[in-house]
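My notes follow the order in which I checked them.

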Amino acid sequence: MTSLLSHISAFEYWRHVGTPGFIVPEPSRTTIAPPNFAVSDFDWLVNTSVLSRPLHGLTSIKHKRTNEPAVRHVAYQELPFGSVCSISPEQRITSPELTIIQIAPLLSFTELVCIICEFCGLFTINESLENPLVKRAPLTSVAKIAAFCQRAKGLTGVAKAAKATKYAHDRSRSPMETATILLFTLPQQRGGYSLSGARLNRKITLSPKARKMAGIDRLEPDIAWSKAKIIVEYDSKAFHNQEARISNDARRKNAFTTSGFQVITLTSS
């Protein structure tokens, strides 16, 4: 039998992808939910305390209530292409794009935008680790989520998710970077400053003089308005070597300034 993990359980799994012991699911061509969902198929995950109870699964048939700690959601119709990924031949999981739609009704609009930024970012959060901020490759992209929403019209949560993609950003490296760019770019009615054109962690080609100074052709500023020639660098104080951090920050700022950018340093305070 094959079981399809979905909704909040899929979200909790995807959040841990990139940390030790969690298999990176592979895209599947399957577009039909399996007829049943068995909690026992995911015992190895339940035992890690990663997935909260009850588990959520997606099935194609409505089942009678049982004593088994599971919530079975029903997909009566064929799912959009790109809805399912495989952990193993017996274990499947809703794709990052479908998972975003499924959890959209559970979140405030701003929380949903932040989660999209996380799924499309270069980090995840694992509270069980000494350093909970873990680097990883993006699970998806804002463009992929928006395109999936177009294919998934009619699903619960899709309108909210589609709207949230208009304010989300790719390539965030931390929750603070996400919070910062949303503060700058969200509409004023949602608590932001409505500043368009900002991009996160995108390489900027340095001027010839700056290249010679920095010894590198391109650098990635935290947040940049390239046309306005403004860069915001977030000082997280995350480096253990204070001297190395100060030296790196100075090198970056000099290179950006020499290339014609105004550099603003933002701290947590």
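I count a residue as buried when its relative accessible area is under 20%, as exposed when that area is over 50%, and as partly exposed in between. The model I am reading is predicted.

Salt bridges. I searched the whole structure and found 6 salt bridges. I looked up Glu220, which at 15% relative accessibility counts as buried, and found that its side chain meets that of Arg171 in a salt bridge of 3.2 Å, N to O. This pair links distant parts of the chain, 49 residues apart, with Glu220 in the loop between strand 11 and strand 12 and Arg171 in the loop between helix 6 and helix 7. Arg171 is partly exposed, at 22%. Glu220 also meets Arg173 in a salt bridge, at 2.7 Å, N to O, and here the two residues are 47 apart. Arg173 is partly exposed, at 34% relative accessibility. I noted that Arg171, Arg173, Lys203 and Glu220 are linked in a network of salt bridges.

I then looked up Arg252, which forms a salt bridge with Glu233, the closest N and O atoms being 2.7 Å apart. Arg252 lies in helix 9 and Glu233 in strand 13, so this pair ties together parts that are 19 residues apart in sequence. Arg252 counts as buried at 13%, and Glu233 counts as buried at 12%.

Helix 5. I found Val142, Ile145, Phe148 and Cys149 buried in this helix; seen down the axis of helix 5, its buried residues fall within an arc of 125°, so they line one face. These buried residues pack against helix 3, helix 4 and helix 6, whereas the face turned away from them carries the exposed residues Ala143, Lys144 and Gln150.

Notes: Residues numbered from 1 in each chain as written. Predicted model: local features only at pLDDT ≥ 70, side-chain atom pairs only at ≥ 80, totals over all residues. Heavy atoms only, no water. Buried < 20%, exposed > 50% of the residue type's maximum accessible area, 1.4 Å probe, protein only. Helix = DSSP H or I, 4+ residues; strand = E, 2+ residues; numbered from the N terminus. Arc of directions from axis to C-beta. Contact = heavy atoms within 4.5 Å. Salt bridge = Lys/Arg side-chain N within 4 Å of Asp/Glu carboxyl O.
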